[in-house]
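Biologist: I would like to go through this chain with you, one question at a time.

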Amino acid sequence: MSNIAVVLDTSAIIRGFELLMRDNLLKNVVGSEKIFLFTAPAVIEEAKYSGTKVKLKLLLSRVTVLNVGKKYLKLAREAASKMGLQQELSDTDLEVLALALELMNRYTKVYVATDDIRLQNVCISVGLDVIAFKRRLRYLLRRRKKCMFCGIEFDNKFEECPNCGSKKFKYIVHKVKIR
Ligand SMILES: [Zn+2]
């Protein structure tokens, strides 16, 4: 069974955390039982001052707060800049993205849970999947490769088309509705 990491941003923690914990919803979404929740220190600071009734104690019992490595912060800035969004992402957004990039080395799959469209775009561009809320968990954004030769879609992990062996592909983004 694969190990899944989910990195939560402030919007996910404020609006979606209890939802995620309820009814095994998260398990259904990512299709695995081994789910590890993470967030960055800046997110916890933001959540504290958000004025909402965030159950921080409960939160911290389930979510691991990890410091972000400088190397990955740099990669996060580069990814944002590639998408032309370097001015749009806050330092907190960059920490979330950097943490997700770092965890990609250790987990089979890494999701970023966020309602922020700009952060979602940058995540997708580097091959991270996105869990989006808006009060309810509504959709998942998933980037896949599509073969330019035979047209089949395949997983990002393949270097070449598993059907015809072509190395020419483009990326497409799927929006998957959840229930
Ligand atoms: Zn092909």
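This is a predicted model: local features need pLDDT of at least 70, side-chain atom pairs count only at pLDDT 80 or more; totals for chains, interfaces and linings use all residues.

Modeller: Residues are numbered from 1 along each chain as its sequence is written.

Biologist: Which face-lining residues of helix H7 are buried?

Modeller: Helix H7 spans residues 117–125, where helices (H or I, at least four residues) and strands (E, at least two) are DSSP runs numbered from the N terminus. A residue is buried if 20 or more other C-beta atoms, placed from the backbone, lie within 10 Å of its own, exposed if 12 or fewer, and partly exposed in between. Seen down the axis of H7, the buried residues fall within an arc of 100° (taken over the directions from the helix axis to the C-beta atoms), so they line one face of the helix. They are Leu 119, Val 122 and Cys 123.

Biologist: Is Arg 143 buried, exposed or partly exposed, and which residues does Arg 143 touch?

Modeller: Arg 143 lies in strand E6, residues 139–147, and because this residue has 18 C-beta neighbours inside 10 Å, Arg 143 counts as partly exposed. The C-alpha atoms of Arg 143 and Tyr 171 are separated by 6.6 Å, although the two are 28 residues apart along the chain. Taking contact as C-beta atoms, placed from the backbone, within 7 Å, and not counting residues up to four places away in sequence, Arg 143 touches Ile 124, Gly 127, Asn 156, Tyr 171 and Val 173.

Conventions:
Two residues are in contact if their C-beta atoms, placed from the backbone, lie within 7 Å.
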